[in-house]
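Hi everyone, thanks for coming. Please have a look at the sequence and the structure on the screen, and then we'll walk through them together.

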Amino acid sequence: MSTANRDELLSEWLEAYGDLINRTCCLILGDRALAEDAAQETFIRAWKSMAQFKGDASPRTWLTRIAINVCRNTRRTAWFRRFDRSVTPEDLPLSAPDEDRTLLLTVHQLPEKYKQVIILRYYQGMSLEEAGQALGISRSSTHHRLQKALNLLRLDFDEGRDEHD
């Protein structure tokens, strides 16, 4: 693929998926500035490895997988582990009512593998198959993680209700 063709395709993908990838990175990392860097890195890596994209998955799924890997690498850095990653509702990339923000904050507190599947399934609207492709796991593993994540969310909200009653 020529550089001009790659540039054109990247431009189309940025237009179609740029906001989605940025929101996904923000939800995973909990930091807007880091998310913007991760989203930019995602598209740089996509441009560099565009010849490897065979179309087995949709561009959205392929880009999401790259974004997840970039976010994983970011989370592994010593700086990230030492920095306070607490998230406030104002930090979240959605303009949602308080209930939705509370839910999103709760999702953000889930272990990483459960948070990712919730983000892909409910915030990106991916099917189980697409989410599995983006995460590099089978559809049944995706389903299992999703069920576990939903159970953890139910437990958290049930505990929250008990405290307020």
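First, some ground rules. This is a predicted model, where local features need pLDDT of at least 70 and side-chain atom pairs count only at pLDDT 80 or more, while totals for chains, interfaces and linings use all residues. Residues are numbered from 1 along each chain as its sequence is written, and side-chain values use heavy atoms, with hydrogens and water left out.

So, what is the chain built from? It has eight helices and zero strands. Helices here are DSSP runs of H or I with at least four residues, strands are runs of E with at least two, and both are numbered from the N terminus. Going along the sequence, the pattern reads α-α-α-α-α-α-α-α.

How much of the chain is buried? Of its 165 residues, 42% count as buried. Buried means under 20% relative accessible area, exposed means over 50%, and partly exposed is in between, using a 1.4 Å probe and protein chains only. The chain exposes about 9500 Å², and carbon and sulfur atoms supply 48% of that. Those areas come from the Shrake-Rupley method with a 1.4 Å probe, and for residues only the protein chains shown count as cover.

Now for contacts, meaning heavy atoms within 4.5 Å. Among contacts in the chain with a separation of 6 or more, 67% are between residues 24 or more positions apart.

Let's turn to the helix pairs. Helix α1 covers residues 3-29 and helix α2 covers residues 32-48; they pack at an angle of about 150°, with their axes 8 Å apart. An axis is a line fitted to C-alpha atoms, for helices over the stretch in contact, and angles run from 0 to 180 degrees between N-to-C directions. α1 and α2 are therefore roughly antiparallel. For that wording, under 35 degrees is roughly parallel, over 145 roughly antiparallel, 65 to 115 roughly perpendicular, and the rest oblique.

The crossing of α1 and α2 is right-handed. By class, the contact of α1 with α2 has 14 nonpolar, four polar and five charged residues. Here Ala, Val, Leu, Ile, Met, Phe, Trp, Tyr, Cys and Pro count as nonpolar, Asp, Glu, Lys and Arg as charged, and the others, Gly among them, as polar.

Next, α1 with α3: these two pack at about 35°, with axes 10 Å apart. α1 passes α3 in a right-handed crossing. Residues in this contact include W13, Y17 and C25 of α1, and W62, A67 and C71 of α3. The class count is 13 nonpolar, two polar and two charged residues.

Then there is α3, residues 59-76, with α6: their axes come within 13 Å and cross at roughly 150°. That makes α3 roughly antiparallel to α6. From α3, the contact uses T64, I68, R72 and R75, and from α6 it uses E112, K115, Q116 and L120. By class, that gives two nonpolar, two polar and four charged residues.

Now let's zoom in on single residues. Find C25 in helix α1. Is C25 buried or exposed? At 0% relative accessibility, C25 counts as buried. Leaving aside neighbours within four places in sequence, C25 is in contact with G30, A35, A38, A39, T42, A67 and C71.

Now find Q116 in helix α6, residues 112-123. Q116 is also buried, with a relative accessible area of 3%. Which residues touch Q116, beyond neighbours within four places in sequence? They are I28, I68, R72 and L135. Q116 and I28 are 88 residues apart in sequence, yet 7.0 Å apart in space, C-alpha to C-alpha.

Last one: R65 in helix α3. R65 is partly exposed, at 34% relative accessible area. With neighbours within four places in sequence set aside, R65 is in contact with Q133, A134, L135 and G136.

Note on methods: Left-handed = near helix turned anticlockwise from the far one by under 90°.
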